[in-house]
Amino acid sequence: MDDHSERWQIGQFAELVGLSIPQLRRYDRLRLLEPGGRESRSGYRYYTQGQTGAARVIALLRSMDMPIADIRRILAGTGEAERRQLFRDHRARLEARLDEVRRLLAAVDTLEREDGMAADGHTDLTGWQHLMPEIPVTDLDRSIDYYQEALGFRFAWRTTDDSLAALASGEIERLLLVHWTGDSPPPAQSFYVYVDDPDALCAEYREAGADIADPVASRPYGMRDFVVRDPDGHRFVLGRGEQRLREVADHYGLTPDTISVDPRWLPRRGG
């Protein structure tokens, strides 16, 4: 096989290694998996035989939703002990999600039983089970690309009339992008999202070309967070508790790391 036959354009390589084209573009921006080179005339990325192993490792680990920062460390050649610890830490994160799924399944089982719902259709379950944000966007294709390439979301589905698309990331099972048809721009919305490491995530998003509206910082309201905007001006504040988290930990005789994995420990503002 000569050198030319060992090269693949981005679409061919994506199919070969089990990654999408938006993922490969994003990993190029993050310098996690840079192309082997670019065609001199077209400027198109191409990948080589020697990159297939790393690409398939990335595809496998991302299929398990492992954070990119951890994947970078594994590809850099961690020792056996560190690699095992990375997998143990990720397993703990997945188990935390599993606990939440079990709670949801318990709620479904309650509704399935005869006494779980009254004859008039009302239920005595008052807690919200799952939130599916709807975000109005003026250009569905542009927003899908941005959420995948800059923010790392996974494309789930879109309707045939292009009025609605769904993406997923982490514990957000579905984020709905709704095509906005109004004459004026859609009203900007704001969301607060709890994350494990706002500093690392902000750096990752910046490298990927995301619009960082406000860099990561410690806030007077007890959170360390940053703000990222989408192409329509919708704002996502991503952070975790800092001082208030320590106060809650002290009150219960725990450490901040023990309770930071569950934002429900955080005291509500004004509470």
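**Sheets, hairpins and helix packing in the predicted model**

Strand 9 and strand 10 pair in an antiparallel fashion through five bridges; pairing here takes at least two DSSP bridges between two strands. Strands (E, at least two residues) and helices (H or I, at least four) are DSSP runs, numbered from the N terminus. Across this pair, isoleucine 212 sits opposite valine 228 in strand 10. Residues are numbered from 1 along each chain as its sequence is written, and side-chain values use heavy atoms, with hydrogens and water left out.

As for confidence, pLDDT is the predictor's own score for each residue, from 0 to 100. The protein averages 81, with 79% of its residues at 70 or more. Over residues 259–271 pLDDT stays under 50, and for that stretch the model has 23 contacts beyond four places in sequence; a contact means heavy atoms within 4.5 Å.

Strand 10 (residues 223–229) and strand 11 (residues 235–241) run antiparallel and are joined by seven bridges. Valine 227 has valine 237 as its bridge partner in strand 11.

Another hairpin is made by strand 5 and strand 6, with five residues between them, and aspartate 162 in its turn has a positive phi of about 60°. Four bridges hold the antiparallel pairing of strand 5 (residues 154–158) with strand 6 (residues 164–169). Here tryptophan 157 has alanine 166 of strand 6 as its bridge partner.

There is also an open sheet of three strands, ordered 1-3-2, with antiparallel pairing. Its edge strands are strand 1 (7–9) and strand 2 (37–38), each pairing on one side only. Strand 2 and strand 3 (residues 45–48) run antiparallel and are joined by two bridges. Arginine 38 stands opposite arginine 45 of strand 3. Helix 1 (residues 10–17) packs on this sheet, where it touches strand 1 and strand 3, and its direction makes about 105° with that of strand 1.

Helix 1 also meets helix 3 (residues 52–63): their axes come within 9 Å and cross at roughly 60°. Helix 1 and helix 3 are therefore oblique to each other; angles under 35 degrees count as roughly parallel, over 145 as roughly antiparallel, 65 to 115 as roughly perpendicular, and the rest as oblique. The crossing of the two is right-handed, that is, the near helix is turned clockwise from the far one by less than a right angle, with anticlockwise being left-handed. Phe13, Leu16 and Val17 of helix 1 make the contact with Thr52, Ala55, Arg56 and Ala59 of helix 3. These residues divide into five nonpolar, one polar and one charged, where Ala, Val, Leu, Ile, Met, Phe, Trp, Tyr, Cys and Pro count as nonpolar, Asp, Glu, Lys and Arg as charged, and the others, Gly among them, as polar.

Helix 3 packs with helix 4 (residues 68–75) too, their axes coming within 11 Å and crossing at roughly 145°. This crossing is right-handed.

Note on methods:
This is a predicted model: local features need pLDDT of at least 70, side-chain atom pairs count only at pLDDT 80 or more; totals for chains, interfaces and linings use all residues. Axes are lines fitted to C-alpha atoms, for helices over the stretch in contact, and angles run from 0 to 180 degrees between N-to-C directions.
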